[in-house]
Amino acid sequence: MSGDAAGILALLREWDAADDPRPLVIETSGSTGQPKRVMLSRDAMRASALATQERLGGPGQWVLNLPPNYVAGVQVLYRSVVAGTEPVVFGHSFVNAFRAISARAYVSLVPTQVVRLLKHEVEVEVLRRFDAVLVGGGPLRTAVREEAERAGLRIVQTYGMSETCGGCVYDGEPLAGVDVRIDDDQVYLRGPMLFDGYEGEPERTAAAFRDGWLVTNDLGHWADDGRLRIDGRADDVIISGGVKVPAHSVGAMVFVGVSGSPVEIIGVPDPEWGERVVAVVAANDPISLEQVRDLVHPRSWAPRQLVVVKEIPLLPNGKPDRVLLRKLAADA
């Protein structure tokens, strides 16, 4: 998929109406440095769109505020095709976008967008009118969700990936037809919205499946309320001095302590520790490494390096650019 929103929307309408269309091919963001070309059938995309529509309470109009060539943006457009509604392309504000809405209103965002929007009361006031604000593409910190819900936003936290046509678990509950299994803390998925494979990479495709289940790179557990909780990516567990450090948990502690400044925790090679835990913080106020270390418990998880940046570098789809983050840490 490539092109602008109008062009992709037109292609999706043709593709949806075709007799026997070939799969869509969507390239992943390559946030870990290894982009893939994911093949998605029409049946899988329809299953995903219809399950989302059912979970959210019916068809509606979607506001596109994501790149239209990645899976989250493509799904905003395709859900509109399936629902028979006209998507609204975000301009400069949700105030203008909402004026074009004449049905139930939905929008899909990434966590970084939520953090930034919460600083603008006018935008928040409009977002309160949306029937659902989907947030995916990365971990949504608990403190951010709580702030958004106090502001009146109907947050729906999604979990999924390009290989599942986008989100397939909403607020910890699988969509209709989706099965979730956890084996040795690793999350496995099965359902009608699974991808057909990686284009031109049969070995990589075979490695992605085990007995019909998609093997994700995510760690998770079933919470006491029966909902799926994602603990982070398997490659986000940093082995430092023989200690397993969960980057997601450390980031959550630092995020709260630095008053909601964007934070990313990464590991970089280190001759003494094997991997060095690094906190990259987009802080407005002065902050020291010792202050950051004091925020983290147990102490063995505490970062050993602090990199302060103006903004966390992002990929075009809004996810943190972890390759560039590691380079920044290594250079510093």
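Among contacts in the chain between residues at least 6 apart in sequence, what percentage join residues at least 24 apart? In this predicted model, the figure is 62%.

The overall dimensions come next. Along the principal axes, the C-alpha atoms occupy a box of roughly 60 × 50 × 40 Å. Buried residues make up 50% of the 332 in the chain. The exposed surface comes to about 15600 Å², and 49% of that area is supplied by carbon and sulfur atoms.

Helix α1 (residues 5–17) packs against helix α2 (residues 42–56) at an angle of about 110°, their axes being 11 Å apart. Angles of 65 to 115 degrees count as roughly perpendicular, and α1 and α2 are therefore described in that way. On the α1 side, the contact is formed by W15, D16 and A17, while α2 contributes R42, M45 and R46. Sorted by class, this contact of α1 with α2 contains three nonpolar and three charged residues, with no polar ones.

Helix α2 also meets helix α3 (residues 71–83), and here the axes come within 9 Å and cross at roughly 80°. This angle makes α2 roughly perpendicular to α3. The α2 residues in this contact are R42, M45, R46, S48, A49, L50, T52 and Q53, and they face V74, Q75, Y78, R79, V82 and A83 of α3. In the contact of α2 with α3, seven residues are nonpolar, four are polar and three are charged.

T158 sits in β7 itself, which spans residues 155–161. With a relative accessibility of 16%, T158 counts as buried because the cut-off is under 20%. Beyond its neighbours within four places in sequence, T158 touches L134, V135, G136, G167, V169 and Y170. L140, in turn, belongs to the loop between β6 (132–135) and α7 (142–150). L140 is likewise buried, at a relative accessible area of 8%. Setting aside neighbours within four places in sequence, the contacts of L140 are with P111, V135, R145, I155 and Q157. L140 and T158 are separated by 18 residues in sequence, and their C-alpha atoms lie 9.3 Å apart in space.

Most residues other than glycine have a negative phi, and most peptide bonds are trans. Against that background, C165 has a positive phi, near 60°. C165 is located in the loop between β7 and β8 (166–170) and is buried, with a relative accessible area of 0%. A positive phi is also found at D184, with a value near 55°. D184 is placed in the loop between β10 (179–183) and β11 (186–190). Its relative accessible area of 72% makes D184 exposed. Finally, the peptide bond joining H297 and P298 is cis, with omega about 0°. P298 lies in the loop between α10 (289–294) and β20 (305–308).

Terms used: Residues are numbered from 1 along each chain as its sequence is written. This is a predicted model: local features need pLDDT of at least 70, side-chain atom pairs count only at pLDDT 80 or more; totals for chains, interfaces and linings use all residues. Side-chain values use heavy atoms; hydrogens and water are left out. Axes are lines fitted to C-alpha atoms, for helices over the stretch in contact, and angles run from 0 to 180 degrees between N-to-C directions. Helices (H or I, at least four residues) and strands (E, at least two) are DSSP runs, numbered from the N terminus. Angles under 35 degrees count as roughly parallel, over 145 as roughly antiparallel, 65 to 115 as roughly perpendicular and the rest as oblique. Contact means heavy atoms within 4.5 Å. Ala, Val, Leu, Ile, Met, Phe, Trp, Tyr, Cys and Pro count as nonpolar, Asp, Glu, Lys and Arg as charged, and the others, Gly among them, as polar. Buried means under 20% relative accessible area, exposed over 50%, partly exposed in between (1.4 Å probe, protein chains only). Accessible areas come from the Shrake-Rupley method with a 1.4 Å probe; for residues, only the protein chains shown count as cover.
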